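Subject: Structure handover

Dear colleague,

Here is the structure we spoke about, with the sequence alongside. My notes on what turned up follow below it.

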Amino acid sequence: MAELDTLDLVVLAAILFGTVAYFTKGKLWGVTKDPYASSLANASSAKAGKTRNIVEKMEEQGKNCIIFYGSQTGTAEDYASRLAKEGKSRFGLETMVADLEEYDFDNLDTIPDDKVVFFVLATYGEGEPTDNAVDFYEFITNEDVNFTEGNEPALGNLNYVTFGLGNNTYEHYNSMVRNVDKALQKLGAHRIGDAGEGDDGAGTMEEDFLAWKEPMWKALAERMGLEEREAVYEPVFSIVEREGLTKESPEVYLGEPNKMHLDGTAKGPFNAHNPYIAPIAQSYELFSVKDRNCLHMDIDISGSNLNYQTGDHIAVWPTNPGEEVDRFMNVLGLSEKRHTVVSVKALEPTAKVPFPTPTTYDAIVRYHMEICAPVSRQFLAQLAAFAPDAEARAEMTKLGAEKDYFYEKISLHHLNIARVLEIVGKGQKWTNIPFSAFIEGITKLQPRYYSISSSSLEQPKKISITAVVESTQLPGRDDPFRGVATNYLLALKQKQNGEPEPCPFGLSYELTGPRNKYDGIHVPVHVRHSNFKLPSDPSKPIICIGPGTGVAPMRGFIRERVQQVKNGEKVGKTLLFFGCRKSTEDFMYKNEWEEAKEILGDNFELITAFSREGPKKVYVQHRLKERAEEINQLLEQKAYFYVCGDAANMAREVNTVLSQIISEQRGIPEAKAEEIVKNMRSSNQYQDVWS
């Protein structure tokens, strides 16, 4: 065999290199980067090189105002964005919105005093921080908190503003913002304006926010020497229509939440940024009346790395109903362009596009915007400038300016933005509104959380949901106000049970999802862990108060105790107080309670309250009082007390009745009994949660 000389080797190497290069072009090299692709599409890689230093980020971007949010359902994030936009347009502040979990806070003491920091903080559950605020909250409220400079006082340099989002039906109302404000004051920081508080329990969150921000802006302007100017709309995002792409193009997002889902390679961890597309194992109706629906669903998570503990929550990622998507498209004159491909790009470096692009108008509206949510007064005022005629402009201006008029015409009827524009414009198209204004002004479509109604001990890879389908008849409105997620679930249940074209109450949904990726009855979900838990010692007695769908987590608890007995463990006394309208209509899981009784024996008792079967309405709180002596005895045995359901009325009354029982049975003043109940709460012996 002839030997190869140096020249032969060089030529062969060149041929080999050229061959490899040819076949790998566009895969390993020479990849054309889409200049309009949203960073959200590759969020994980984008975050890797980001600084966690607040001061460094503000200086790098030329900002003098940073607005942090702690948000669970998106409202606090929405308020933060609105404050940032208003601060820039009215006062010339260089603002940026920031997620608390993306920064470290040990250098808060180095923020110059010519800058200001906002904290917009929601309180979640029983006084807990939202998921993205946990680390910040633990840091700032720590008794031994340490900062980089060692100043005295530590935060004497810091100017800050606070607004909290809470619900007065819970004991720890707005505890996040109150505790953070207290900690910042203790550290020597200077609050500007009042610490604002919005109350979702009273239904006044939006008006509380609007009433708080005006005097706050005035105080901030005085403190920082700002001059107010006429606010003119300045888009935060640019919208570019992509002529070379169609909805069939593989790189176009049609509702997929991220790049992995687009490519069909979705994998864990599955969380609030990355849902698992879970099969629905079974679904059925729990009520036996035609005008109301309550669903039981079993979600199969065996194909994922998701896990849960009894008492946790499952998040369902809904889609908007087709009728409301059509209404929105029509009133904006976008019906013919609904499948046009667009890219959305942030016009300033700290803004985030809230969904991956390129995508279509239809996908944005269907999968990413809360288009069915009640509209805000402030948003209507902003849209007045784009009205189709002078009459519509005057009406929008009046709605935006007059609180009572807005309530009478809009809030009372729970009108969404498209319905408002239809009414005010009298059928005219609102083609002058930049689409960017809706991306900025409408909250991102959020997952809905439900208490899990199954036991992880019994079925670790199946999660049960128990949910009433929301349908509320409101005065002055032709059709009922219908919940987005529960009606979506109802449509899935109808399809699974044989209806070829499910259309609950005339609403249709894209049940097969983007590119049919949800076909075969699937739903996008993730799990949120909760502190609502059974005692670690199963022999402890428990008292469960769960009327209506408040029975959901209680079903999980009781099924857990049944499984513990099957496993040979000893369980304590278990009382379940359940209430509904009639035993013949909405008595949920009746057969299951009978089965539980067979296994648990005297350690289980169901106490029912059927509110519409007797001459007087009877509720669970009445039944609780009837069992006062036994309840007190169980509490003296350190029984755990659980409440789930209507926080505004039932839960509050149960709390009052419990104090009365302790006072009467122990012969102590009611004030002392209330203190005992409060201590039960703080030690987690008394727990309550929404369903």
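R612 is in contact with R581, K582 and K617, leaving aside neighbours within four places in sequence. Please keep in mind that this is a predicted model. R612 lies in the loop between β21 and α19. With a relative accessible area of 44%, R612 counts as partly exposed, because that value falls between the limits of 20% and 50%.

S611 is found in that loop too, between β21 (604–610) and α19 (620–626). Its relative accessible area is 8%, so S611 is buried, the cut-off being under 20%.

An unreviewed UniProt entry lists R292, T549, S611, R612, K617, V618, Y619, V620, Q621 and E653 under "binding site". These positions are spread over 362 residues of sequence, and in space they lie up to 25.8 Å apart between C-alpha atoms.

Next, the nonpolar cores. The largest one has 45 residues, and F328, M369, I417, W430, F435 and F438 have the most contacts inside it. The elements that give two or more residues to this core are α9 (322–331), β12 (341–346), α10 (361–367), α11 (377–383), α12 (390–401), α13 (403–409), α14 (417–425) and α15 (435–441). Of these, α14 gives the most, with 5 residues.

What does F438 touch, not counting residues up to four places away in sequence? The list is F328, L332, M369, F379, L383, I417, L421 and I433. A second, separate core has 33 residues, including M297, Y450, A485 and L507. As background, nonpolar side chains in soluble globular proteins tend to be buried together.

Last, a helix pair. The axes of α4 (residues 75–91) and α7 (residues 205–224) come within 12 Å and cross at roughly 40°. The crossing of α4 and α7 is right-handed. On the α4 side, the residues that meet α7 are Y79, R82, L83, E86, G87, R90 and F91. On the α7 side, they are M205, E206, F209, L210, W212, K213, E214, M216, W217 and A221. By class, the contact of α4 with α7 has 10 nonpolar, 1 polar and 6 charged residues.

Best regards

Key: Residues are numbered from 1 along each chain as its sequence is written. This is a predicted model: local features need pLDDT of at least 70, side-chain atom pairs count only at pLDDT 80 or more; totals for chains, interfaces and linings use all residues. Side-chain values use heavy atoms; hydrogens and water are left out. A nonpolar core is a set of buried Ala, Val, Leu, Ile, Met, Phe, Trp, Tyr and Cys residues joined through side-chain atoms within 4.5 Å. Buried means under 20% relative accessible area, exposed over 50%, partly exposed in between (1.4 Å probe, protein chains only). Helices (H or I, at least four residues) and strands (E, at least two) are DSSP runs, numbered from the N terminus. Contact means heavy atoms within 4.5 Å. Axes are lines fitted to C-alpha atoms, for helices over the stretch in contact, and angles run from 0 to 180 degrees between N-to-C directions. A crossing is left-handed if the near helix is turned anticlockwise from the far one by less than a right angle, and right-handed if clockwise. Ala, Val, Leu, Ile, Met, Phe, Trp, Tyr, Cys and Pro count as nonpolar, Asp, Glu, Lys and Arg as charged, and the others, Gly among them, as polar. UniProt positions are given in the numbering used here, feature names are shortened, and annotations may be inferred rather than shown by experiment.
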